[in-house]
Amino acid sequence: MTEKLLSPLHTRPWPERWLTRVLGAALACAAYLLCLPWDLRNRVQSPGSVEETTPVTGVGIVTLAVILLALAAHFGHRDSLGWPVLLVAVPPAALMYVSLRTHPGPPDGFAHAWPLAWGFFTLLIAVGVLVAAAVARQFRADLVDEELSLAQPL
């Protein structure tokens with residue numbers, strides 16, 4: 001069972017390969033939604049106040065980071081290096097885009113600064129996922145076998 005869960009995806013049948021990838025993207029979405037929930041009542045607490053209520057906590061952000069890095073390591077170990085970015089970094093970035101786009105900014109002149117925040121956090125997530133995937137990829141046994149066979153003269 002463990003061999004099946006940790007074997008490279010290119011050795012698996014295509015339905016299993018794509019089901020695993022879709023499941024990974026769904027887990028990344030679910031982690032984002034659970035750790036950084038959207039509060040549709042995100043409004044000012046009292047008239048004249050500029051601070052909105054928010055359900056985002058430090059624990060939620062750390063939990064999301066740990067989950068995304070674990071998913072990135074799993075897919076980095078099992079798949080080619082581009083897939084973890086597409087499966088783990090893109091879904092939360094898309095959800096963050098929708099969230100930032102639908103919530104109005106503060107009335108202090110930074111109402112249109114959300115694209116900078118979205119770009120920064122998207123880059124941060126993508127780089128973290130890429131690094132975690134690259135580190136996990138170093139522990140693949142089939143890559144070691146390929147490198148050894150390439151190093152030997154014909």
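This note covers salt bridges, cysteines and a nonpolar surface patch in a predicted model.

1. Ground rules. Residues are numbered from 1 along each chain as its sequence is written, side-chain values use heavy atoms, and hydrogens and water are left out. Because the model is predicted, local features need pLDDT of at least 70 and side-chain atom pairs count only at pLDDT 80 or more, while totals for chains, interfaces and linings use all residues.

2. Salt bridges. The whole structure holds two salt bridges. The term means a side-chain nitrogen of Lys or Arg within 4 Å of a carboxyl oxygen of Asp or Glu. Side chains of opposite charge can pair when their charged atoms come close.

3. Asp79 and Arg21. These two form a salt bridge, with 2.8 Å between the closest N and O atoms. Asp79 lies in the loop between helix 3 (58–78) and helix 4 (82–102), and Arg21 in helix 2 (residues 14–35), so the pair ties together parts that are 58 residues apart in sequence. Helices are DSSP runs (H or I, at least four residues), numbered from the N terminus.

4. Setting of Asp79. Both Asp79 and Arg21 are buried. Asp79 has a relative accessible area of 5%. Buried means under 20%, exposed over 50%, and partly exposed in between (1.4 Å probe, protein chains only). Asp79 touches Leu9, Arg21, Arg137 and Arg140, not counting residues up to four places away in sequence. Contact here means heavy atoms within 4.5 Å.

5. Glu16 and Arg12. Glu16 forms a salt bridge with Arg12, and their closest N and O atoms are 3.0 Å apart. Arg12 is partly exposed, at 22% relative accessibility.

6. Cysteines. The disulfide count is zero. A disulfide would need a pair of cysteine sulfur atoms within 2.5 Å. Cys29 is partly exposed, with a relative accessible area of 24%. Cys35 is buried, at 12%.

7. Nonpolar patch. Leu123, Val127, Val131, Val135 and Phe139 make a nonpolar surface patch of about 510 Å². Patch residues have over 30% relative accessible area and no salt bridge; like charges are joined within 9 Å, and nonpolar side chains (Val, Leu, Ile, Met, Phe, Trp, Tyr) within 5 Å. Areas come from the Shrake-Rupley method with a 1.4 Å probe; for residues, only the protein chains shown count as cover. Leu123 sits in helix 5 (residues 114–137). Leu123 is exposed, with a relative accessible area of 54%.

Terms used:
Helices (H or I, at least four residues) and strands (E, at least two) are DSSP runs, numbered from the N terminus.
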